[in-house]
Amino acid sequence: MHSDVFNIAKTAIDAGIEGWIGRPAGITMGFALAAEFSRRGLLEVVEYDVFGESWTHRRYRGRIVQADPVLDEHDFFFGMRLS
């Protein structure tokens, strides 16, 4: 992913987080954007236990990150796709 495209997306995501009112929402990102956040070491890996099963997810600034194959590589939105 080109650095300029990444920086624009990251700046928009950071602005959304800073201006968010209410409960934190997760961030759904295109695969390439999520991969770039991970490659740059910006995603925290969180492991937790649910009824004896181990689960892992990624977070950025306290928001769960979900990679979505339907989104364009640089797109994102706050919230999670339900269908």
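Strands S2 and S3 (residues 53-60) pair in the antiparallel sense, over 7 bridges. They belong to an open sheet of 5 strands, in a model that is predicted. The strand order is S2-S3-S4-S1-S5, and the pairing is mixed. Helix H1 packs on this sheet, and helix H2 lies across S1, S3, S4 and S5.

**Sheet layout**

- Strands S2 (44-50) and S5 (76-78) stand at the edges. Each has a single partner strand, so one side of each is left without a neighbour in the sheet.
- Direction ignored, neighbouring strands are turned by 40° against each other on average.
- Strands of a sheet pair through backbone hydrogen bonds, in either a parallel or an antiparallel sense.

**Strand pairs**

- S3 and S4 run antiparallel and are joined by 3 bridges. Here Arg 59 stands opposite Ile 64 in S4.
- The hairpin of S3 and S4 has 2 residues between the strands. In this hairpin, Arg 61 takes a positive phi near 50°.
- S1 and S4 pair in the parallel sense, over 4 bridges. Thr 28 stands opposite Gln 66 in S4.

**Thr 28**

- Thr 28 has its place in strand S1.
- Its relative accessible area is 0%, so Thr 28 counts as buried; the cut-off for buried is under 20%.
- A polar atom of the Thr 28 side chain lies 2.7 Å from the backbone oxygen of Gly 79.

**Helix against helix**

- H1 spans residues 3-19, and H2 spans residues 31-39. They pack at an angle of about 85°, with their axes 11 Å apart.
- That angle makes H1 roughly perpendicular to H2, because angles of 65 to 115 degrees count as roughly perpendicular.
- From H1, the contact takes in Phe 6, Ala 9, Lys 10 and Ile 13. From H2, Leu 33, Glu 36 and Phe 37 meet them.
- By class, the contact of H1 with H2 has 5 nonpolar residues, 2 charged residues and no polar ones.

- H1 touches S1 (27-30), S3, S4 (63-68) and S5. The direction of H1 makes about 5° with that of S5.
- H2 runs at about 105° to S1.

Key. Residues are numbered from 1 along each chain as its sequence is written. This is a predicted model: local features need pLDDT of at least 70, side-chain atom pairs count only at pLDDT 80 or more; totals for chains, interfaces and linings use all residues. Side-chain values use heavy atoms; hydrogens and water are left out. Axes are lines fitted to C-alpha atoms, for helices over the stretch in contact, and angles run from 0 to 180 degrees between N-to-C directions. Angles under 35 degrees count as roughly parallel, over 145 as roughly antiparallel, 65 to 115 as roughly perpendicular and the rest as oblique. Contact means heavy atoms within 4.5 Å. Ala, Val, Leu, Ile, Met, Phe, Trp, Tyr, Cys and Pro count as nonpolar, Asp, Glu, Lys and Arg as charged, and the others, Gly among them, as polar. Two strands pair if DSSP finds at least two bridges between them. Buried means under 20% relative accessible area, exposed over 50%, partly exposed in between (1.4 Å probe, protein chains only). A polar contact is a pair of N or O atoms within 3.5 Å; within protein, one must be able to donate a hydrogen and the other to accept it, and residues adjacent in sequence count only if both atoms are side-chain atoms.
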